[in-house]
Amino acid sequence: MGDPRILVVGAGLAGLAAAAELACAGHQVLVVDQARQPGGAVHRQPLPGARSLASPAQARRWRALMADVDAQGARIEIACNTRFGGVDHTGTVLLTGDAAALLQPQALVLAVGAREKVQPRPGWTLPWVTTAGALQVEIKTTSEPPAGRVLLAGSGPLLLALGAELVRLGQPPVAIIEAARPFSHPLQSLALPPPYMVEAARHLARLVRARVPVFTGAALTRISEHEGALLAEIATRKGSLGLAADRICLHDGIRPNDTGLTDSTALPVLRLGDCREALGAAAALADGRAGGAALAARLAGLPAPAASSALAREALAQARLARIYAHDSAAALAALPADTVICRCENRTRADLDALGPSPTTRQLRLDGRFGMGACQGRFCADWVARLARPDAPQPLGIPRWPARPISVAELLAAPDLTSGEFE
Amino acid sequence: MAKAQDHDVLIAGAGIVGASVAWHLAEAGLKVAVADATGPAAAASGASDGAVSVASKKPGVMARLATGSLLYTRELAARGLLGPAYAARPSYVFGAGEDEMAAIDALIAKLAALAGPVRVCADGGPKLLPGAGAGIERLVVLAGEGHMPGHKAVRAYLAHPRITPLWPARINAFAADDSGVEVDLGGKPLRVGVLVAALGTSTPALFPWLPVLPRAGQLIVTDAGPVGALPGSLTAAAYLLAKTEGPGREALPPVVIDPLGTGQFLIGSSREEHADPTRVDFATLRHLLARAAAAYPALTERRVIRAFAGIRAAVSDGLPIVGPMPGSPRVIVATGFEGDGICLSALIGREVAGMVRGASPGAEWAADIAALAPARFDPARQECVA
């Protein structure tokens, strides 16, 4: 007999909602997460001693989900500090960390969330330039604002949300640089669901009260180091300006965190929540529930349940948001100077890419250019490399990465092999 | 009257063998085009460890050709062409247990018989190599071999100004006549004087009766560390057994640890009969890495950043197929090198270019090249034999 458990990777909204549905249907579920506590990116829990910054609505949502999980008792086992190494064509999964093992679960649910897009810019690899999401996670875990002046730049609703959070912590950002012009789409905005509008209004009110300059239709074009601080060059609609900061947080939207996620024909593999389609927290919860119920039905040989209407609603709202935040990122990419680092792992620049000649093949990009060949295997650069190499017809940068993440040889060799065990 | 030709020669396949043939012909003044369904070094040449190795070749034809090609590769490197691609380096062969000891003895005897540029400079225990681990019972150090990443050699060869690149474009069909070859290149008709097919695993698409089969080997790439910690490839004698006796004859994992110029390691490889580059499994990775780490413990401090299956073109009788097609002297094949193309490409490129130009092979290589002729699989001839 194979391992009867269902493995869920990711103890965020989607993963735990799926686990609760599957356990409710009688399945034994193992949920693993790389963090030290469940929560995912949205409900990241504070460190011991730090207070939670979650809003009452957020705290209610999390408590309700955890109550559902707890109600399943021993049918759900949660293992934290555990990383998913990938699934192979035999259906074997490698886990490393606290619950290290090679195992062959009955089914695999991948709920590993979204990741941020960060478009390359000159100076984006300097120390103290991070993603906005990284700062958000830092704030959620420590409940402390970062030291020094913070500048937020890029595009997407996260910039306003994070800016408002910094105001609330008594450390307003120097400015917010938004490439789109989200306030010039009043009709689209009014069509957003009320919770979106309430949240946006609350963020904006905080930013206005704290007099945080918000530049829209503006771009951060270069970061340099100057006298121990970071200097950002900003191109606004009215001209250019320079802003000094101690930390710059970049964010150009989110996308599914699906690099290295492969399928296996040996067992059912499902992607749920933001790693299937990045639609945000409410959608992840709905998708997790619906996907968990659908998998339970499939394993029982029952017809698939009806699609979730909550999910469709969120998808529509996200499409509206995308229109509100639409802007021409291709022009910014095309204008990048030759010395801009594109591949952070191996420090490969725009000039290295251009040296490969017009329309390089993906093989040339990888072997001759060494783009996507470093430790991240293209996770951060593949999209930009593809768009820079062939602006008219970007090609995916080669076969999917496998395993799912860099795996220590020592850990790979040490993981207990549970695939040959007998399960009753 | 002869029809107008688009190119003197069309090379089908931009792997290392096709690229070498193209360079040798272009160098001789011919107008050459190279077509590939994907692009340069898109298959085995780009997924190779890059070992220019005589030690791993079967005794006889392959070991003799490898010796000649190693010397010629060095010459092309000294002349500048392969300078950026080729580097001399030591190689290490290790073993444990009776079968591997015997394989190492056979290797030493083979190299002595060849009396070529590759020689055994030490034969002893793990102390011969700093960092060698307890998994090594016996270690021999070889001098004279080298390293040449396939894609770098391909790039060097194809940079010749008289080579016209035609990719991506697939050859759908061809028909040879007395004065040339008509080719359907991605739906576009092309007339060339000679067609050289260096198609690797794609060979059967145009030559269904040639027994070229895909053989996969799982390969592991680690993250980068200090460059040069391991000066050359570290090969288990089981790998030599697998190469000389055929897959499945080795009791221990046939592992090869190859240090790359980036400070990364490429570790291989299994041998499996399929053509899926994504077919990898944790059990095989552990099987290979356990032996690799026992031989070279510093590997346990590295991370695996990627694993994939390299697909090589294997021939049923273990020898490549090189030469004109029976009855069609204007169609020449050069395929089925199963990973040995890195080492053999220089010499094979020169010899095939000679065939195209109608030159008779040098006496030194005539018999060995003749042993690779496709005629050995000619259905007509086999019927006669039967």
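How many of the 9 residues of helix H4 (residues 150-158) of chain B are buried? The legends below refer to a predicted model.

**View 1. Helix H4 of chain B and its surroundings.** H4(B) is mostly covered, with 8 of its 9 residues buried. These buried residues are B:Gly150, B:His151, B:Lys152, B:Ala153, B:Val154, B:Ala156, B:Tyr157 and B:Leu158. From chain B, helix H1 (16-27), strand S2 (32-35), strand S9 (163-166) and helix H8 (341-356) pack against the buried residues of H4(B), together with H11 of chain A.

**View 2. The interface between chain A and chain B.** Here 25 residues of chain A are in contact with 30 residues of chain B. On the chain A side, helix H11 (362-368), strand S21 (407-408) and helix H13 (409-414) are the elements that give two or more residues. The class count for this side of chain A is 14 nonpolar, 7 polar and 4 charged residues. S21(A) is joined by 2 bridges to strand S17 (residues 303-315) of chain B, and the two strands run antiparallel. Within that pairing, A:Ile407 has B:Val304 of S17(B) as its bridge partner.

**View 3. Crossing of helices H3 and H6 of chain B.** The axes of H3 (residues 98-114) and H6 (residues 237-245) of chain B come within 8 Å and cross at roughly 70 degrees. H3(B) is therefore roughly perpendicular to H6(B). H3(B) contributes B:Asp99, B:Glu100, B:Ala103, B:Ile104 and B:Leu107 to the contact, and H6(B) contributes B:Ala237, B:Ala238, B:Leu240 and B:Leu241. By class, this contact has 7 nonpolar, no polar and 2 charged residues.

**View 4. A buried arginine in chain B.** B:Arg291 lies in helix H7 (residues 282-295) of chain B. This arginine is buried, because 21 other C-beta atoms lie within 10 Å and the cut-off for a buried residue is 20 or more. Leaving aside neighbours within four places in sequence, B:Arg291 is in contact with B:Gly135, B:Ala236, B:Leu252, B:Pro253 and B:Val255. B:Val255 is 36 residues from B:Arg291 in sequence, but their C-alpha atoms are 7.1 Å apart in space.

**View 5. Strands S1 and S2 of chain A.** Strand S1 (residues 6-9) and strand S2 of chain A run parallel and are joined by 4 bridges. A:Val9 stands opposite A:Val32 in S2(A). S2(A) (residues 29-32) is covered on both faces, with A:Val29 and A:Val31 buried on one side and A:Leu30 and A:Val32 buried on the other.

**View 6. Nonpolar cores.** The largest nonpolar core has 197 residues, and those with the most contacts inside it are A:Ala19, A:Val109, B:Ala22, B:Leu195 and B:Val196. Apart from neighbours within four places in sequence, A:Val109 is in contact with A:Ile6, A:Val8, A:Val9, A:Gly15, A:Ala18, A:Leu270, A:Leu272 and A:Leu295. A second, separate core has 40 residues, among them A:Val150, A:Leu160, A:Ala232 and A:Tyr325.

**View 7. A five-stranded open sheet in chain A.** The 5 strands of this open sheet follow the order S9-S16-S10-S11-S12, with parallel pairing. Strand S9 (129-131) and strand S12 (214-216) are the edge strands, each pairing on one side only. From one strand to the next, the twist averages 20 degrees. Strand S10 (residues 150-155) and strand S11 (residues 175-178) of chain A pair over 4 bridges, with A:Leu152 opposite A:Ile176 in S11(A). Helix H4 (residues 157-168) of chain A packs on the sheet and touches S10, S11 and strand S16 (247-252) of chain A. The direction of H4(A) makes about 165 degrees with that of S10(A).

Definitions and conventions. Residues are numbered from 1 along each chain as its sequence is written. Chains are lettered from A and ligands numbered from 1 in the order in which they are written. This is a predicted model: local features need pLDDT of at least 70, side-chain atom pairs count only at pLDDT 80 or more; totals for chains, interfaces and linings use all residues. Two residues are in contact if their C-beta atoms, placed from the backbone, lie within 7 Å. Ala, Val, Leu, Ile, Met, Phe, Trp, Tyr, Cys and Pro count as nonpolar, Asp, Glu, Lys and Arg as charged, and the others, Gly among them, as polar. Two strands pair if DSSP finds at least two bridges between them. Axes are lines fitted to C-alpha atoms, for helices over the stretch in contact, and angles run from 0 to 180 degrees between N-to-C directions. Angles under 35 degrees count as roughly parallel, over 145 as roughly antiparallel, 65 to 115 as roughly perpendicular and the rest as oblique. A nonpolar core is a set of buried Ala, Val, Leu, Ile, Met, Phe, Trp, Tyr and Cys residues joined through C-beta atoms within 7 Å. A residue is buried if 20 or more other C-beta atoms lie within 10 Å of its own, exposed if 12 or fewer, and partly exposed in between; C-beta atoms are placed from the backbone.
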